[in-house]
Amino acid sequence: MNINYFFLFISLCLLMILLLFKPLEIKQQISKEVPLFSISSFTMHELDSNGLVTLMNGKEATKYANRYTVQMMQYIDNSKKFMANMKANNGIYKDDIVYLDGDIIYTREDGLTFETQKAVYDKKTSIATADGDFVLYRDSNRITGEKLKYNNSLEKIESKNVNAVYQLQKSNK
């Protein structure tokens, strides 16, 4: 066999490999985050030198590296002047911020209550925000609107498209 035929054969084989074979498409898989643990029917207490600061309980919770996800969540913040109690179908607790979803009821110690479907509560600033529709009431006073921003520390409420029914009391002077 002539050396030219050998190199021609090798060249043809390499050319066929180049033209006929396609490179493998390797699919990249997104790594799914793995929970550290999952528990049912739990209660978490956060204490400091003054006593109970935070109480969180729920039907089922999953702990990830940076957050808790909770079903049937109840979150109580006792770190400010008025204690705030929040209940929701689902919640995420991450970096002192509570993300609530589904049938949310926010109740403050003095009787102020609001209901909505999605809300975020920042524990550091004591501000609860709801981007959707809400109903806020206290005694026989009732307010409906959109985009609620409630500051528990300053007792200040901001909202849009407000419709209020407010009962004024007669003064006996």
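Is D131 buried or exposed? D131 is exposed, because its relative accessible area is 62%, and exposed means over 50%, buried under 20% and partly exposed in between (1.4 Å probe, protein chains only). This is a predicted model, in which local features need pLDDT of at least 70, side-chain atom pairs count only at pLDDT 80 or more, and totals for chains, interfaces and linings use all residues. Residues are numbered from 1 along each chain as its sequence is written, and side-chain values use heavy atoms, with hydrogens and water left out.

**The sheet**

- Nine strands build an open sheet, in the order β1-β2-β3-β4-β5-β6-β7-β8-β9.
- The pairing in this sheet is antiparallel.
- Strands here are DSSP runs (E, at least two residues), numbered from the N terminus.
- Two strands pair if DSSP finds at least two bridges between them.
- The edge strands are β1 and β9 (156-165), and each of them pairs on one side only.
- From one strand to the next, the twist averages 25°.
- That angle is taken between N-to-C directions, on a scale from 0 to 180 degrees, with axes as lines fitted to C-alpha atoms.

**Strands β2 and β3**

- β2 and β3 run antiparallel and are joined by eight bridges.
- Four residues lie between them in a hairpin.
- T62 sits in strand β2, and it stands opposite T69 in β3.
- T62 counts as buried because its relative accessibility is 13%.
- Beyond its neighbours within four places in sequence, T62 is in contact (heavy atoms within 4.5 Å) with P35, F37, S38, R67, Y68 and T69.
- M56 also has a bridge partner in β3, namely Y75.

- β3 pairs with β4 in the antiparallel sense, over nine bridges.
- A hairpin of six residues joins β3 to β4.
- T69 has I92 in β4 as its bridge partner.
- Q71 has N90 in β4 as its bridge partner.
- β4 pairs with β5 in the antiparallel sense, again over nine bridges.
- Two residues separate β4 and β5 in their hairpin.
- K94 has I97 in β5 as its bridge partner.

**The nonpolar core**

- A nonpolar core is a set of buried Ala, Val, Leu, Ile, Met, Phe, Trp, Tyr and Cys residues joined through side-chain atoms within 4.5 Å.
- In soluble globular proteins, nonpolar side chains tend to be buried together.
- How many residues does the largest nonpolar core have? It has 25 residues.
- M56, M73, Y75, Y106 and Y121 have the most contacts inside it.
- At least two residues of this core come from each of β1 (37-48), β2 (51-63), β3 (68-77), β4 (84-94), β5 (97-108), β6 (113-122), β7 (127-138) and β8 (141-151).

**Two loop residues with positive phi**

- D95 has a positive phi of about 50°, although it is not a glycine.
- D95 lies in the loop between β4 and β5.
- D95 counts as exposed because its relative accessibility is 57%.
- S126 has a positive phi of about 60°, and it is not a glycine either.
- S126 is found in the loop between β6 and β7.
- Is S126 buried or exposed? S126 counts as buried because its relative accessibility is 1%.

**Back to D131**

- D131 belongs to strand β7.
- Leaving aside neighbours within four places in sequence, D131 is in contact with K118 and K147.
- D131 and Y121 are ten residues apart in sequence.
- In space, D131 and Y121 are 12 Å apart, C-alpha to C-alpha.
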